[in-house]
Amino acid sequence: MASHFQAAPLVASPCYPNSIAWSEENLVAIASGHLVTILNPALLVGPRGLISVTPSTPLPIGVVKKEDLFTACLMPTCLSRDTRPCVRSISWSPPGVAPNSGCLLAVCTTEGRVKLYRQPFSEFRAEWVEVRDISEIMCEYFLSINFGEFSIPSNSSHEQMSRDYLIGIGCGSDIQDSILSKGTQQRQKKTSNRITENTGIAEEQLTFGRNRDFSGQDANNVCRMPSGKVITTSTEISLISCPIFKQDSLVEVLKEVGSQRVWISGTIKYMNATKALVLFTVDGEQDEWVKLNPESDEIKSSNFLDGIMTNQAPLLPNIRPSMNLGYLPKEIVLAVHHGVEEILRIQQAVEAWLGNRWVEGVFMGFNGHGLRVKLSGGSGCVTLDPSTVRLAPVWNGDLKSWQVTLVKVEVEDSEMCDVVEVKSENLTLNNPHRSFSKLGSDREPLKKGGDSPLVTAGQYASRSAMLSSLVVAWSPVFRLTSEHGPLSPNSSSNNGALLAVGGKSGNISFWRIHEPQCYTVEHDSVPVDAILIGLLQAHKGWITAISWGLYGADASNPHFLLATGSSDGSVKIWQGDADVLIKFSAVNGASFSLLKEVIPITSVPVSTLSLAVPVKSVGTILLAIGKGSGSLELWIYDVSSGEFQNAGCYDAHDRVVTGLAWAFDGCCLYSCSQDNSVRSWIFHGSGLYEVPFPSSSPNVKGSNDLLNVFDSCFGLTLSPGNLMVGVARSFDTDLLDPMYQARTQKAAVEFFWTAGQQLKVSSVGRYPGCNIEAIPGLSESDLALWESNILWSLEQYDNIGKPLILWDVIAALSAFMESAPKFVELILFKWLSNWLLRGHPDLSIEKIMFHAPRLLSKIDSRHMHLLNIICRRLMLAEVKADILSSKHHELGGVDEAENERLKLWIELLISSERELRERLVGFTFSVVLSRASCSDAILHPGTGWLPIGVAQMEQWLAVNHDPVQDQLKVLGSEVGDLRRRISTICEYVVEEKCNFCSASVPFVSPEVAFCEGAKVNGIVDQSHRLARCAVSMQVCPITPLWFCMCCLRWVSKLAPHSFFTMSKFPSDFRSIPLSSAFPKPSCPFCGILLQRLLPEFLLSASPV
C-alpha cells in the first residue's frame, strides 16, 4: 500500500468497526477507547476536539432480587467487569442541524447509551457539548408504555372511549341502536385460560355474555381464584349504519394506490341524492365527488368466510363512515396461547393504520411484541405494533351497516381482590396517533434511584435489551417542499435529518431532528429537539450495521433506503416514504416497509454495510456487506424489475471486515479489515474487481514521523470530494518503546490520496500538453486519472444541495502547483470551458480568460461561488485578501509582484464578486418594492427574510453608478421614491455611528469603514477601522459575528436563500419569488458555511 499523505497519532486505540467518520463540514472523528478525538484534516498538528465518555447512571428499568442475579439471562450483566465504557459507534449528521449550522455527532457507547454533541462554538473549550441524551428519551417512552407489557383499561372505559369518538364525528344521534349500548349487547364469546402456578396446565373455560363461570366468583361479579392468573379475551360488536351521511360528516373513501387498497379519510362538504364532494385530509389527495352507496343487489355482505380473507376481493361500498376505533390492544400478544386464536387467526382480514390511512391486509402471525401483516399488493410481511392494527370492518348487506369488532384482553391476578384498573390518562396508550414529540423537548428528567419497580430477571433482561443501543447512523438531509404540504407548526424548519439507532433487541428507533429556525454563534442555549417517530423490529438478533441511501433525490417525493445487518447474518433493505417520515409526529411502527431481504450464504455476523444509489445508473441500488469472517458480498437491486441479484462473495480479508465505503458514484469500493489490510475494488459489469490501491501522488512531503508498526485497521472514511481516504489503525504496542511511545501513541489516523484511483478494468491514456518529467513518479495514465477524478469531484458541487467543502480538491491541486502548475491550469480551464463556454470547447486558454468576465451574468450563483473559491484559495493564494477585496488596491502592488497570469485571475475574481453584489442589491431592492406594494395586513415582520442595509446599498449604487446594469439603476430610482415611508417597510439607517467613539461613519467602501473620529477639545481623536457586513454593507456590531474562512469577510445579517439559487442575472428581479426558507449562514461571495472565528488554540473547520 502507498505511503500516507499525512497522519496523526492517537492516545487510545479503537475497539470496534467503523471507528472513523468524516463530516460534510470537513472534520474527522475517531472513536478510540473511551475518547472521541475530532481533528481538522487541514491542520493535524493543530488543536483537537474531544469527547470523553464517563460511566452513566443506570436507567430506571427496575431492580431484581438478589437470588435472580445469576439467572442465565442476567449472567452477562453480572460478569461484566468494564469499569469505563468505550465508544462503540459514531456518526456525523448533515450540516445545518446544529445551532451554529454545523454537524452534530451521535455517539453510542458500550453501555448502550446514545448522545448527541455539538461544537463548543461559544464555550471556548476543547470538550464538545452534549445537547441531547437519546437513551433517556427512549427510556421515557418505554416507561410510558410499560415496555409493552400488559396494562389493561377497564371495560367501561373502552365503551366510553368508543362512544365519545362516535359522538365527536357527528354520528352520536344515529347509533342509538349500536351494539355498544349496554342494554342491547349481543351475545359475546369469551375464552379464558386459568394458568395454575403449581402444575402449569392451562384449563380452558368458555363464558358468554357478562356471566363468567369462574369458581370463586363473589357477589360483586369479580373473579377470585386461589392461585394463578386468568387471561380473558373478548369481543364486542358495533354496527355503524351507512345512511348517517350528512354534510360535514367524517368519512373514509376506498381507493387503489398502486396495488394496495386503502381507505382515505375526508369530510363531506356538499352532497346530493347520489354523490358527495369529499375534501380529503391527507396531503397530496385531490378533492373529488364520490358516488354514494347504491341500492343494488351487487353489494352484499363482505366476501369473508368466517373472518378469513378469500382470494377474490369483496365487492364493498366505496365510502363509509369514519371508524377510528377497533384498534387491537397491545396485550393481545400475551394471549397468543390463551384463546386469542378464536378471534385472530392466520389469513384474518385486518386493516393497518399507515401514513394517515387504513391499508387492507391479512394477519400472518405473531412476531415478538408485534403482528406480522401481509399488506394488500405486497409480496412480503411487515411487523406492526398491535395498536396500529384492527380487524377489518365487515359490510353487512342486509342491515346496510358496517360491523366493527372491538377486541379486549383482560389479565387478572387471582391473588388480588379486583382486576387492576388503569387510570383514565393511560387510555391513550393504545392510541396509535399519540405523539411523543414532547419527549424530545419540554420534558422532565428521569427519576433515578430507589423508586425503580421490582421486576423479574426476564423482564430486566428484556427491558435492558430494548434500551441497549449498538450502532447509530444519520440519514441524508431531507427537505420539505411545498409539494409535501404545510409544515406542522411545532416543527422548527423545513429541513432536517433522521437518526437511526439499532439495539440488542433487534429494534431500530428513528429520530427526527429539524434544522433550527434561526442559527446563532452567540447563544449556547439553543435546544436540539430529537423526536421519536418510529420503532422497527428489523431483526431477531443484534443490530450490528446500518447504512442509509436516498432514492429519487430529484423527485418530488423521494424515498429513504435503509440497509440493516444483524449478528445472525441477516441483511434487509427497507424503504421509507420521505413524506411520512418528515411530517409524522407519532411513534409509528410502520414508517419503513421491507423492500428486500438478503438470504445470507452463511450465518456469520454482519460487521459493516455500505449502500450506494448511483446517479448515473438510474434504478440501481448497490449493497456491499462485510462479514466477521472477512468475506465481502455484493448485491444489486434493480428497482424497475424488482430483481435482487447476488453479484458475488469475495474472500477479501483474513479477519473481520471493519470498514466499507463506496466512492465516485458507486464506481469504486474501499474495504479494510482487522488484519490491517486496505483494498480497493471497482464495480464493473455485474461484479467487483480488485485493483491496486492508488499509489501515485504529487511530489509533496508527507508526515512520516510515525512508526510503521500497525497491527489492525478499525475503519475508513472518505473526504467530501472522494479524493482522500482516512484510515484508523492501532499500533502493535509490543513493538513500541514502553517508556515513551507506548504511553502516548496507541493508534493513528492516516490519510491517503484516492484522486488517482483507477475506475476501469483497463485504464490507459495519455495527457497531452504537460511536462511529464516535472512530476516524478507519475505516468501519463496517472495524470489522466487525477484529472478525471478531480473534474468529477468539481462537477458534484453543481448540486445546490451539496455543501461547498472543497478542501480535498484544493489540497490536491495545491500539491501539483509546486511541481506542475501547467497541469493545474489545464484542469481548471477544462472545467471552466464545460460550464462557462458551453458549445465552444476548442477555445484557447487566453480566449477563455478574456471572455469569462463578460459572460458571468449568464452564469448561476453556485458556479460563481466555486470560481471565487478556486481563485482565492488556489490561483491567488499568495495574494493578500485585503488587496483582493479593496477597490482602491485591486491591482495596486500586484502588477509589480506578479505576472500577467495573476492579473487575469484577479480580474476574473473581481468581476465575479461584482456580479454577485449586483444580484444581492437588485434582489434586496425588489423585495423592498414588493413589500411597498402590499397592504400592511399582508406583511408579516419577523418571518422569512427582511431587506436590510437599503441605505448603504443606495450609497454603493451612487458610487458605482456607471458600471452597474441598467435594471439596477431603475430599481434604485424606484426605491428612492419611497423615501417618506421606506422606514415603515424595512430597516433604513442612513447615519451610521462608530461602535467605539460614536463618531459618524461615512460610506466609502462596502468592505471596510473608517469613522471620522470623536473631537476632544476641538481636536479630532484617532479614527477607528470598522468592518462592514458582506451582505448588508452596514457597519458590523461588536457582538459575535459570522466569518468566512475563504474570503475573510464578516457577516452580521444573512443573505436570503433565493440569492444562492439564481440561475443567472435576472431580467426582472421582481419575478424571483422570495423563498419562505429561513436563511442559512452562507457567504454571499464564496457560498461556504459561515462560522464563528475562534482563537487559534481551539478547533475550527476548514471548508477550503
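Colleague: Let's start with Ile90: buried or exposed?

Modeller: Ile90 is buried, as its relative accessible area is 6%. Buried here means under 20% relative accessible area, exposed means over 50%, and partly exposed is in between, with a 1.4 Å probe and protein chains only. Keep in mind that this is a predicted model: local features need pLDDT of at least 70, side-chain atom pairs count only at pLDDT 80 or more, and totals for chains, interfaces and linings use all residues. Residues are numbered from 1 along each chain as its sequence is written, and side-chain values use heavy atoms, with hydrogens and water left out.

Colleague: Ok. Where does Ile90 lie, and what does it touch?

Modeller: Ile90 lies in strand E6, residues 87–92. Helices (H or I, at least four residues) and strands (E, at least two) are DSSP runs, numbered from the N terminus. Leaving out residues up to four places away in sequence, Ile90 touches a set of residues including Ile20, Ile30, Val36, Leu105, Val107 and Val472; contact means heavy atoms within 4.5 Å. Ile90 and Ile20 are 70 residues apart in sequence, with 7.5 Å between their C-alpha atoms.

Colleague: And Val45, buried or exposed?

Modeller: Val45 counts as exposed, because its relative accessibility is 80%. Val45 is found in the loop between strand E4 (35–39) and strand E5 (49–52). Its C-alpha is 9.8 Å from that of Pro9, 36 residues apart in sequence.

Colleague: Switching to sheets. What is the strand order of the one with E1?

Modeller: The order is E1-E46-E45-E44, an open sheet of four strands with antiparallel pairing. Strand E1 (6–10) and strand E44 (710–718) stand at the edges with a single partner strand each, so one side of each has no neighbour in the sheet. From one strand to the next, the twist averages 20 degrees. For the angles, axes are lines fitted to C-alpha atoms, for helices over the stretch in contact, and angles run from 0 to 180 degrees between N-to-C directions.

Colleague: How many bridges join E45 to E46?

Modeller: Seven, between strand E45 (residues 724–731) and strand E46 (residues 747–753), which run antiparallel. Arg729 stands opposite Ala748 in E46. Two strands pair if DSSP finds at least two bridges between them.

Colleague: What about E40, what is its partner?

Modeller: E40 is joined by six bridges to strand E41 (residues 668–673), running antiparallel. In E41, Cys672 is the bridge partner of Gly659. E40 and E41 form a hairpin with four residues between them, and Phe664 in the turn has a positive phi of about 55 degrees. Strand E40 (residues 657–663) is mostly covered, with seven of its seven residues buried.

Colleague: Helices now. At what angle do H11 and H14 pack?

Modeller: Helix H11 (residues 861–875) and helix H14 (residues 900–933) pack at about 145 degrees, with their axes 10 Å apart. The residues of that contact divide into nine nonpolar, four polar and five charged. Ala, Val, Leu, Ile, Met, Phe, Trp, Tyr, Cys and Pro count as nonpolar, Asp, Glu, Lys and Arg as charged, and the others, Gly among them, as polar.

Colleague: Last one, zooming out: how many helices and strands are there?

Modeller: The protein chain has 17 helices and 54 strands. Buried residues make up 55% of its 1104 residues.
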